[in-house]
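Below are a few notes to read alongside the coordinates.

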Amino acid sequence: MSSEKFTPFVPAGTNMKEFTLRALLIGLILSVIFGAANAYIGLKAGMTIAATYPAAVIGMALLKMMKGTILEENFTRSAGSVGESVAAGAIFTLPAFFIAGLWTADGLNNPDKTLEAIGMFSSTKSYLTATAILLVGATMGVFFVALLRRALVQDQSLPFPESVAAAEIHKAGQSGGGGTKYLFWAMAAGAAIKIAGELKLFATSFFTFLKIAPATLTRSGKVLEGGWFAGGPTISSAYLGVGYIIGPQKASISFSGLLLAWGLVVPVLLAILGPEYVESVVAAFNAKAMEAGTTPITGELEAWRFGATTVWHEIVRIIAIGGMLVAAAFTLFNMRNTLGQGLVRAIKDLKNMGQPTENVERTEKDMKAIFILLGICAGALATFCVAFFVFGTSFVVALVAATVMVVLAFMFAAVSGYLVGIVGSSNNPVSGLTMTALVITALLLVAAGVRGSGVEAGIAAVLGIAAIFCVSSAVAGKMFQDLRAGALLGGTPWRMQTGDLIGAVISAFVMFGVLIILNQGDIEQGIAAGYQGGFGSDALPAPQATLMATLSQGIVGGTMTWILILLGMMLAVSLIVMGVKAPMLIFIGMFLPFATIFAIMVGGLIKGILTIYLDRKKLSEAQNQTARNTSVLLASGLIAGEALMGLIVAVFAIFGTFFSQMLGITKPSYFVGLAVLAVLGFVLVRIPLKKAVSTK
């Protein structure tokens with residue numbers, strides 16, 4: 001590995017303002033905002049957005065008005081984007097407590113307000129437990145990064161592509177560039193589209209069922225009856241933005257999963273199960289609807305559509321989980337050399353912890369080693385206390401849990417940092433790493449006798465440990481990226497690490513409150529609209545958390561639907577044998593709702609159109625980079641704008657105010673929504689192209 005020193009933009013000997021109160025406050029506000037936005041989009045689309053670029057642009061714009069320095073901007077970007085990683089760890093795991101039935105719904109419409117009757121997801125105890133988990137994970141991530149920085153950040157053989165791009169944004173800002181207006185206008189547009197959809201100025205979705213004529217099998221005489229579930233993309237600027245960011249290739253691979261699920265598996269199963277199955281699930285739903293006073297299912301096509309959705313929920317998604325397991329293992333296997341090198345480098349760097357720092361340059365100073373070690377010990381103790389006193393496991397299981405957490409958190413922090421150095425934090429497979437670590441943890445805790453503490457305690461302990469190292473890995477990856485950008489700009493590592501630590505702590509205290517708002521808001525909207533709301537619903541699918549809940553329940557509780565899991569695993573193996581490059585994306589396409597993947601595909605196609613136009617113009621690399629930066633800012637703004645407005649809508653729903661009922665519109669037009677998507681598509685192609693052409 002190459003570990004030569006960088007030549008930073010601001011020399012190490014330069015005395016410049018960096019860790020200031022204004023830079024910290026702006027960073028903390030951005031951390032909370034982008035953390036909340038990522039929680040929203042992650043729970044809905046299963047993907048998060050990198051907050052590094054928008055945090056850099058906003059921080060730069062605000063600090064320029066205050067005559068701030070480039071190092072203050074760097075500090076603000078670092079502290080302002082850490083909330084994104086805390087949110088990623090939170091949404092991948094904490095909703096699993098609700099989905100697994102450990103922390104149940106706290107419905108405000110329930111006349112009996114006792115916690116024993118309505119559960120504890122929104123209780124003070126669950127808030128404190130979740131916050132403790134997030135705090136341990138976030139701080140452990142920061143401490144391990146401080147421990148491993150020299151091994152990874154200074155390795156010039158690692159390209160750190162997104163770090164270089166972030167540093168270039170700051171450098172461009174010194175000469176007046178930046179693109180702040182694109183970000184803010186896109187945020188306004190995303191918020192406006194979200195509220196317009198909530199007010200029913202246009203329909204945000206369209207579904208139907210294409211019924212086909214019955215067919216009789218020749219030999220058995222069995223009559224096959226059924227058809228295809230069909231519909232259009234969700235009218236969502238956020239989903240469009242996600243597809244636009246990931247691009248046409250990844251979006252189309254996910255869309256192939258949609259075609260596999262809804263075009264093949266669901267119709268086949270529906271035809272085999274037949275109208276008797278449809279009648280039974282509709283009858284069960286209508287019985288519950290009568291008890292709850294909600295709208296029952298009427299009409300043949302509506303019944304078949306509900307039957308298709310039920311098949312997808314109860315069978316196809318479980319098959320997809322089995323596929324994800326193999327796909328995650330395959331991804332890690334392909335990265336085996338990279339992962340091994342990252343671990344070896346991290347372990348070797350431990351011996352340098354105690355070296356004196358008096359003569360170390362400013363750009364090489366990390367947090368003090370004693371502070372790091374005390375922080376890691378405190379995290380291990382906190383993990384033991386949560387497992388033993390809160391979840392009620394045995395002493396041995398709690399001790400094993402704390403030990404496993406420290407070892408895995410260290411290993412996965414190193415792995416995450418190395419992966420970010422190669423592919424960037426946007427492509428860091430945190431959920432795949434967490435899934436692997438969860439299985440390891442579950443098996444170790446079962447071997448340690450976790451079932452003797454009670455199945456629920458065991459499941460809670462597994463999910464808690466998974467949440468800690470998920471947050472730790474996400475924070476570590478993000479911090480390595482920001483520290484590399486800081487190294488290019490001339491930032492001081494210990495100051496950036498301290499800012500990230502403060503930002504991570506603040507985000508940890510806020511993030512579970514965001515989850516409560518989103519979950520409770522969807523529950524209340526579900527009551528008003530006649531669907532079962534909360535994490536795991538079509539409106540709030542929380543795909544990774546659903547997967548974590550299924551795995552922990554299956555391994556610890558012994559309730560795994562193995563036949564469906566094995567079917568998915570065999571399907572994944574067949575795709576790998578055929579040479580499919582990204583099987584995980586295919587299973588995500590099978591797992592996420594139909595309209596969500598469709599909307600993401602539309603966003604990917606729009607990005608593809610932009611790429612075609614840029615290629616035809618034969619622009620310079622600098623012009624193409626301008627187009628890419630502008631497109632990322634536009635998409636990030638659309639996502640953040642819808643997400644923040646979605647939080648506001650959820651808060652109003654908790655208190656019984658529903659925007660959908662304000663104007664009294666009962667039959668909004670879906671074609672108006674499609675027109676909105678068309679306008680957005682035109683803007684997302686036109687503005688980056690125009691900006692690129694005008695760049696010299």
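1. A word on terms before the details: helices here are DSSP runs of H or I with at least four residues, numbered from the N terminus. Please keep in mind as you read that this is a predicted model.

2. Let me begin with Ile597, which sits in helix α20, spanning residues 594-617. Its relative accessibility is 0%, so Ile597 counts as buried, the cut-off for that label being under 20%.

3. What does Ile597 touch, once residues up to four places away in sequence are set aside? Its partners are Ser254, Phe255 and Leu258, together with Ile588, Gly589 and Leu592.

4. Next, a pair of helices. The axes of α6 (residues 124-152) and α15 (residues 455-489) come within 7 Å of each other and cross at roughly 40 degrees. Because of that angle, α6 is oblique to α15. The crossing of these two helices, α6 and α15, is right-handed. Sorted by class, the contact of α6 with α15 has 18 nonpolar residues, four polar ones and two charged ones.

5. Finally, please have a look at Thr131, which belongs to helix α6. Is Thr131 buried or exposed? Thr131 counts as buried, because its relative accessibility is 3%. Leaving out neighbours within four places in sequence, Thr131 is in contact with Ala508 and Phe509.

Methods: Residues numbered from 1 in each chain as written. Predicted model: local features only at pLDDT ≥ 70, side-chain atom pairs only at ≥ 80, totals over all residues. Heavy atoms only, no water. Axes fitted to C-alpha atoms, helices over the stretch in contact; angles between N-to-C directions. Parallel < 35°, antiparallel > 145°, perpendicular 65-115°, else oblique. Left-handed = near helix turned anticlockwise from the far one by under 90°. Nonpolar A, V, L, I, M, F, W, Y, C, P; charged D, E, K, R; others polar. Buried < 20%, exposed > 50% of the residue type's maximum accessible area, 1.4 Å probe, protein only. Contact = heavy atoms within 4.5 Å.
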